[in-house]
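Visitor: I would like to go through this model one question at a time. Please give the cut-offs as the terms come up.

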Amino acid sequence: MTFHHQLSIYLKDSNAYGNTYFARYFEWQGICREKWFYECISRDMLQQEGVFITKHAQQDYLAETFPFQEITCEVNAYDVKRCSFWLEFRFYANGAPVSIGRQQIVFANHAKQITALPELVIKRIKRYALRK
């Protein structure tokens with residue numbers, strides 16, 4: 001299963017050359033990640049049990065985007081482990097890939113000590129695992 005989210009590019013998202021700021025893609029990763037957690041994993045973001053910490057984030061740029069383009073983001077999980085997992089973000093404009101990003105997410109208790117994800121949450125995350 002793949003999670004999809006639509007984004008719109010506005011003038012505020014662009015630079016003096018008229019293309020999208022590279023940093024917006026990291027912002028969009030966060031937006032898509034939060035929407036995925038909320039809709040697919042846990043509406044309360046597991047706030048009673050702990051916190052999600054981004055250990056690693058990366059973004060590869062494939063093509064420029066511009067204001068007023070619609071962006072589709074596809075989100076999948078991979079390398080799901082007891083305390084961590086990776087998310088892959090694939091961004092498309094007009095059906096063509098424009099960027100691919102990744103985040104490694106770890107789960108920690110409120111004292112910020114890495115701890116195991118609840119089994120139900122691992123099952124939910126695995127529903128979005130990439131099939132390779």
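Guide: Helices (H or I, at least four residues) and strands (E, at least two) are DSSP runs, numbered from the N terminus. This is a predicted model, in which local features need pLDDT of at least 70, side-chain atom pairs count only at pLDDT 80 or more, and totals for chains, interfaces and linings use all residues. Residues are numbered from 1 along each chain as its sequence is written, and side-chain values use heavy atoms, with hydrogens and water left out.

Visitor: What pattern does the chain follow along the sequence?

Guide: The chain has two helices and five strands. Read along the sequence, their pattern is β-α-β-β-β-β-α.

Visitor: What is the radius of gyration of the chain, and what does the globule rule give?

Guide: The radius is taken over C-alpha atoms, and the globule rule is 2.2 Å times the number of residues to the power 0.38. For 132 residues the rule gives 14 Å, and the chain is close to that, so it is as compact as a globular protein of that length. Along the principal axes, the C-alpha atoms fill a box of roughly 45 × 30 × 25 Å. The radius of gyration is 16 Å, against 14 Å from the rule.

Visitor: What share of the contacts with a separation of 6 or more is between residues 24 or more positions apart?

Guide: A contact means heavy atoms within 4.5 Å. Of the contacts in the chain with a separation of 6 or more, the share between residues 24 or more positions apart is 68%.

Visitor: What percentage of the residues in the chain is buried?

Guide: Buried means under 20% relative accessible area, exposed over 50%, and partly exposed in between, with a 1.4 Å probe and protein chains only. Among the 132 residues of the chain, the buried ones make up 45%.

Visitor: How far apart do the centres of the positive and negative side chains lie?

Guide: Lys and Arg count as positive and Asp and Glu as negative, while His and the chain ends are not counted. Each charge is placed at NZ of Lys, CZ of Arg, CG of Asp or CD of Glu. With 17 positive and 13 negative side chains, the distance between the centres of the two sets is 7 Å.

Visitor: What is the phi of Asp79?

Guide: Asp79 sits in the loop between β3 (70-78) and β4, and is partly exposed at 40% relative accessible area. Its phi is positive in a residue other than glycine, near 50°.

Visitor: Is Lys112 buried or exposed?

Guide: Lys112 belongs to the loop between β5 (96-108) and α2 (119-126). Lys112 is not a glycine, yet has a positive phi of about 70°. With a relative accessible area of 55%, Lys112 is exposed.

Visitor: Which residues is Asn19 in contact with, leaving aside its neighbours within four places in sequence?

Guide: Asn19 lies in the loop between β1 (3-8) and α1 (23-41), and is buried at 14% relative accessible area. Beyond those neighbours, the contacts of Asn19 are Asp13, Ser14, Glu64, Thr65 and Phe66.

Visitor: What separates the C-alpha atoms of Tyr61 and Pro97?

Guide: Tyr61 is in strand β2, residues 51-61, and is partly exposed, with a relative accessible area of 38%. Apart from neighbours within four places, Tyr61 is in contact with residues including Phe22, Tyr25 and Val98. Tyr61 and Pro97 are 36 residues apart along the chain, and their C-alpha atoms are separated by 9.2 Å.

Visitor: How many residues apart along the chain are His110 and Phe37?

Guide: His110 lies in the loop between β5 and α2, and counts as partly exposed at 48% relative accessibility. The C-alpha atoms of His110 and Phe37 are separated by 18 Å, and along the chain the two residues are apart by 73 residues.
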